[in-house]
Number of protein chains: 2
Amino acid sequence: MRSYAQYCSVARALDVVGERWTLLIVRELMQQGSCRFTDLKNGLPGIATNLLSSRLKDLENDGLIAREEAPPPVATTLYALTAEGRSLEPLLKALGDWGRHLMVAEHPGDAFRAHWMAYAAESFTVDSEPEARPVVVQLISGDNSAFIEVGGGEVRSTVGRAAAPELTIEGPTRLVLGLLAGMIDMGQAIGSGARITGNSDVLARLRRAGPGLVPDAAVSSRLGRRTRTGASSA
Amino acid sequence: MRSYAQYCSVARALDVVGERWTLLIVRELMQQGSCRFTDLKNGLPGIATNLLSSRLKDLENDGLIAREEAPPPVATTLYALTAEGRSLEPLLKALGDWGRHLMVAEHPGDAFRAHWMAYAAESFTVDSEPEARPVVVQLISGDNSAFIEVGGGEVRSTVGRAAAPELTIEGPTRLVLGLLAGMIDMGQAIGSGARITGNSDVLARLRRAGPGLVPDAAVSSRLGRRTRTGASSA
DNA sequence: CCGGATCCCCAGGGATACTG
DNA sequence: CAGTATCCCTGGGGATCCGG
């Protein structure tokens, strides 16, 4: 494990979680809870098995995750975050918040997973009307579906289909999430191929107050192609 | 530039700022403002010049920093954060906050810079008594000195010496910062070689409320040696 | 099928020398 | 001072193989 060898808290944090894939492994465990090796591999398209194995060892040595040997019925080893591992949540939140504005750019080959959509939907939105009655919003993007439950000031997300959603947004993930986050408006979304059914007034309730959601078109278009690591696009 | 190729805001953020050295360059520009190439090199002990050069180009392409050609008197190029670059502050903050608990472990060869101490002192403390009169705390660690001014609910830090500090803490940086952050107590600090002069009651005022500052001895001792990248220890 | 370990190859990183 | 050029080496990507 390589160190920056600087007596600075930022550098020391990066010594531990700054290597490639490390924070994404933490993201998976944060979103999914305990995972098998294969679950992790599946949630991290593009990672090599030796790297995943190596990172898991490092994370265990640093006390961020723990291995649990599951009893006979399943008879497999599970990986889970420790308390210290969970303490990375604000960092992951900050990273996801900052990365939000990068989500409008189209990168055709990008892989996608339903639980990422659930996670994004949860962290990109907020219940601005805690007093109003709870509502459910269904999100659908190709095979991937998730729904969010909004009420009492909380936003909770789940992978899959809801029974009776007040609002359904279906279309390319960019549009679904962009619409939720307020980065694009409904006219744009529909014009670009999104389908919205139900009570669209609900969208306003999900808006975060203040700035930070403005689409930075200049930035998103300036960001050029990056070399792909050959991931399967789900 | 390599990409994770995942349609997830965390992954996309890491595509841009996840490569080695990138966030530390941002840290330097955040702490120091506009920098010359050499200033950056000096604030990033261990970095290779080609890497620094390469990262600066990447950061410029991504719109996080901008080059300014300074007029004849200085006649050099300066690097500065753009507005989007400055938007990384919460992320750097989260990283530094998480890394705080790693600062108690001793890594003998680590490099150190006075402005890192200033930055750490500022982000590790808080003015818990905004109504009380302003005070100045001087921090000294070998050749490196910085002081913090506390008052009106704000904490501001500066590299160098203050005129008439209410409190002076001198000793190994671990002890100085550990004492400020509340990770070690005064008895320990003095016993380990710190020298404290002035009104030590001021320390209590700097304490952050709530948990999060507890020294995790188990963790810090478990964190083993990492290979150094050959940095000069200032 | 799961949980890796092993091997090969290449790109990215580290150290140093050199130039405008 | 501000980089560029070069060389070397390690870490990461990709595929395959193997024990349980």
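Asp97(B) is partly exposed, with a relative accessible area of 27%; here buried stands for under 20%, exposed for over 50%, and partly exposed for values in between (1.4 Å probe, protein chains only). The side chain of Asp97(B) meets that of Arg100(B) in a salt bridge with an N to O distance of 2.9 Å, a salt bridge being a side-chain nitrogen of Lys or Arg within 4 Å of a carboxyl oxygen of Asp or Glu. Arg100(B) is buried, at a relative accessible area of 7%. The model is predicted, so that local features need pLDDT of at least 70 and side-chain atom pairs count only at pLDDT 80 or more, while totals for chains, interfaces and linings use all residues. Side-chain values use heavy atoms, without hydrogens and water, residues are numbered from 1 along each chain as its sequence is written, and chains are lettered from A and ligands numbered from 1 in the order in which they are written.

Over all chains, 20 salt bridges were found in a search of the whole structure. One of them pairs Asp110(B) with Arg12(A) at 2.8 Å, N to O. This pair joins two chains, because Asp110(B) lies in the loop between helix H6 (89-99) and helix H7 (114-124) of chain B, and Arg12(A) in helix H1 (residues 9-17) of chain A. Helices are DSSP runs of H or I with at least four residues, numbered from the N terminus. Asp110(B) is buried, with a relative accessible area of 11%, and Arg12(A) is buried at 2%.

Within chain A, Lys93(A), Asp97(A) and Arg100(A) are linked in a network of salt bridges. Arg156(A) forms a salt bridge with Glu149(A), with the closest N and O atoms 3.4 Å apart. Glu149(A) is partly exposed, at a relative accessible area of 32%.
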